[in-house]
Amino acid sequence: MSISATFLRDENYVPIQGIGFTASKAITFVGATTGATGATTLFTVTGIVAIRLFGVVSGTDVTGAGTIEAGISGNTASLIAQTIGTTLDVGEIWIDNAPATVELLPSLSILAAGTDVIQTIGTDTLTAGTVTYYCLWFPISSDGSLIAA
């Protein structure tokens with residue numbers, strides 16, 4: 001098995017292994033395209049993996065009348081609770097429906113093969129702002145892998 005991810009490293013280039021691998025995906029919201037209602041795949045899962053998911057807001061505050069959540073198909077708010085888009089401000093960390101500038105690491109979730117991580121925008125579009133999703137993960141099964149979609 002080959003894993004195409006890397007460990008974070010300290011100033012001496014020693015791997016930091018406490019939180020596993022890191023994958024990220026940034027989405028800049030534009031009303032009719034990336035900010036439209038519906039689901040977007042963030043990360044593709046192979047095998048069995050354990051993950052912690054959070055988002056960081058950058059660029060501009062998120063605008064638009066939509067809601068946003070992250071999870072899996074059939075349980076779209078299982079990883080990050082549904083949140084009103086306009087509560088996501090620059091510099092905030094999003095792990096629940098009350099984003100803040102300081103948060104604890106989110107809880108660990110176990111995902112099986114094909115249980116891809118998705119973002120779902122509901123009720124209306126999001127028209128501006130960027131959320132970078134960070135997925136801290138490690139494999140559980142011998143074929144466990146996660147990549148940004």
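Three aromatic pairs are counted in the chain, a pair being two rings of Phe, Tyr or Trp (its six-membered ring) with centres within 6.5 Å. The model is predicted: local features need pLDDT of at least 70, side-chain atom pairs count only at pLDDT 80 or more, and totals for chains, interfaces and linings use all residues. Residues are numbered from 1 along each chain as its sequence is written, and side-chain values use heavy atoms, with hydrogens and water left out.

A pair of aromatic rings is described by the distance of the centres and the angle of the planes. Planes under 30 degrees apart count as stacked, those over 60 as edge-to-face and the rest as tilted. Phe54 and Tyr134 form a stacked pair. Their centres lie 5.5 Å apart, with 25° between the planes. This pair links distant parts of the chain. Phe54 belongs to strand E5 (residues 49-64) and Tyr134 to strand E11, 80 residues apart. Phe54 is buried at 16% relative accessibility, where buried means under 20% relative accessible area, exposed over 50% and partly exposed in between (1.4 Å probe, protein chains only). Tyr134 is partly exposed, at 28%.

Trp94 and Tyr133 form a tilted pair, because their planes meet at 55°. The ring centres are 6.0 Å apart. This pair, too, links distant parts of the chain. Trp94 is buried, with a relative accessible area of 0%. Tyr133 is also buried, at 0% relative accessibility.

Strand E11 spans residues 126-139 and also holds Thr132. Thr132 is buried, at a relative accessible area of 14%. Leaving aside residues up to four places away in sequence, Thr132 touches Ser24, Lys25, Ala26, Phe54, Gly55, Val56 and Ser58. Contact here means heavy atoms within 4.5 Å.

The chain as a whole has 12 strands and 0 helices. Strands (E, at least two residues) and helices (H or I, at least four) are DSSP runs, numbered from the N terminus. The radius of gyration, taken over C-alpha atoms, is 15 Å, close to the 15 Å of the globule rule for 149 residues, so the chain is as compact as a globular protein of that length. That rule is 2.2 Å times the number of residues to the power 0.38. The C-alpha trace spans about 45 × 35 × 25 Å along its principal axes. Of the 149 residues, 39% count as buried. Among contacts with a separation of 6 or more, 74% join residues 24 or more positions apart.
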